[in-house]
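Visitor: I am new to this one. Please show it to me, and let me ask about the terms.

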Amino acid sequence: MAVIEIQSEAQFSELTKSDASKLIALYFHTPWAGPCKTMNSVFKTLADSKANDPSILFLSINADDLSEISELFEVSAVPYFILIRNSTILKELSGADPKEFINALNQFSNSPTAVNGGSAPVESNGSSAAPIASANGTTVQEPESEEALEERLKKLTSAAPIMLFMKGSPSSPQCGFSRQMVAILREHQVRFGFFDILKDDTVRQGLKKYSDWPTFPQLYINGEFQGGLDIIKESIEEDDQFFEAALAA
Amino acid sequence: MSTAAPTSSSSAATIINSSDTPGPIEETIVEKLVQNLKPSYLKIANDSQKHAHHAGIRGATNVTESHFRIEVVSNAFEGKNMPTRHRLIYGLLDDELKNKGVHALQMKTKTESEIKK
């Protein structure tokens, strides 16, 4: 059986704890969401194609029926995919993009599946987020030298006048603090570019050093580090025109 | 080990822990901040419960002392902008952040003259 439809929390716990080395693909769906219908068959086809690969487990979860599990993983929209290995979340994907899911699966599994053409998930967000073409695009194959990484970070932090390094994307933030930061930027109708640090661990770790700041989200204005959520909140409290002032500086 | 000396302000330092039974990490955090910043006011709250089930912390070893909210009033912040103040605290708590599983710190940092405004 390729896709296992989870019937209970107990079954879920048992399956996810059974083998630490297995790559587990979680697929959250609901019967009433349109995009899920397409993804249901995509997920099933993919699982079937990997039926002979014992190192991957495909679990399908009805997010409404098993709301406890959805809450545990903070699933806010369906379809939703989470890749786990050894109780560690490797990647989370929101939305119905089969290519993105296949890419992610290949990235972490031992037996890659062919993908039709490359895909560079680029999210542009209406009037508030500026699309960053190369930000989250190509995966770097070889380990980057420190200088190369520093150059890349310099470019990234100046990719837009206001750059937000966050967990997730503005349309699908993966952490409460990142979500709040996006809300503040939108409230003040500020145009900003973003980078999802969950999708690039090299940038995630490198930026901690580059900014001399251990946490995310991180906001840069004109290539200069401004701070995390607390600081931005306080800055706005003190000066409603904080963003405008910083941009003009 | 000496106990923290009262600050130069007229009243002794006010230290408020998250509960009557703070955990070991919280105690270390308070000790480090008190010794280095000599705050007149320090309040620490433990928000780890709120985040224990969140995707980012699942499977982590430390889910009980991973997220803290800290309010510090200290003249050690005088003349320092906010990123510098926060970096000061991050630096003091580097071990907790890197090795002890402290995942996030929400910080409010004020000097004594700022709270009087």
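Guide: Start with a term. A polar contact is a pair of N or O atoms within 3.5 Å; within protein, one must be able to donate a hydrogen and the other to accept it, and residues adjacent in sequence count only if both atoms are side-chain atoms. The model is predicted: local features need pLDDT of at least 70, side-chain atom pairs count only at pLDDT 80 or more, while totals for chains, interfaces and linings use all residues. Residues are numbered from 1 along each chain as its sequence is written, chains are lettered from A and ligands numbered from 1 in the order in which they are written, and side-chain values use heavy atoms, without hydrogens and water.

Visitor: What makes the pair A:Thr215 and A:Trp213 a polar contact?

Guide: Their side chains come to 3.4 Å. The limit is 3.5 Å. The side chain of A:Thr215 also makes a polar contact with that of B:Tyr90, at 2.9 Å.

Visitor: Where is A:Thr215 in chain A?

Guide: A:Thr215 sits in the loop between α7 (201-211) and β11 (218-221). Helices (H or I, at least four residues) and strands (E, at least two) are DSSP runs, numbered from the N terminus.

Visitor: Why is A:Thr215 called buried?

Guide: Its relative accessible area is 12%. Buried means under 20%, exposed over 50%, partly exposed in between (1.4 Å probe, protein chains only). So A:Thr215 counts as buried.

Visitor: Which residues is A:Thr215 in contact with, leaving aside neighbours within four places in sequence?

Guide: B:Tyr90 and B:His103. Contact means heavy atoms within 4.5 Å.

Visitor: What is known of B:Tyr90 in helix α3 of chain B?

Guide: B:Tyr90 is among the buried residues of α3(B) (residues 82-92), which also include B:Met82 and B:Ile89.

Visitor: How do you know that the buried residues of α3(B) line one face?

Guide: Seen down the axis, they fall within an arc of 165 degrees, so they line one face of the helix. The arc is that of the directions from the helix axis to the C-beta atoms.

Visitor: Why are β1 and β4 of chain B called edges?

Guide: The open sheet runs β1-β2-β3-β4, with mixed pairing. β1 (14-16) and β4 (104-110) each have a single partner strand, so one side of each lacks a neighbour in the sheet.

Visitor: What makes β3(B) and β4(B) a pair?

Guide: Two strands pair if DSSP finds at least two bridges between them. Here 7 bridges join them, and they run parallel. In this pair, B:Glu71 stands opposite B:Lys108.
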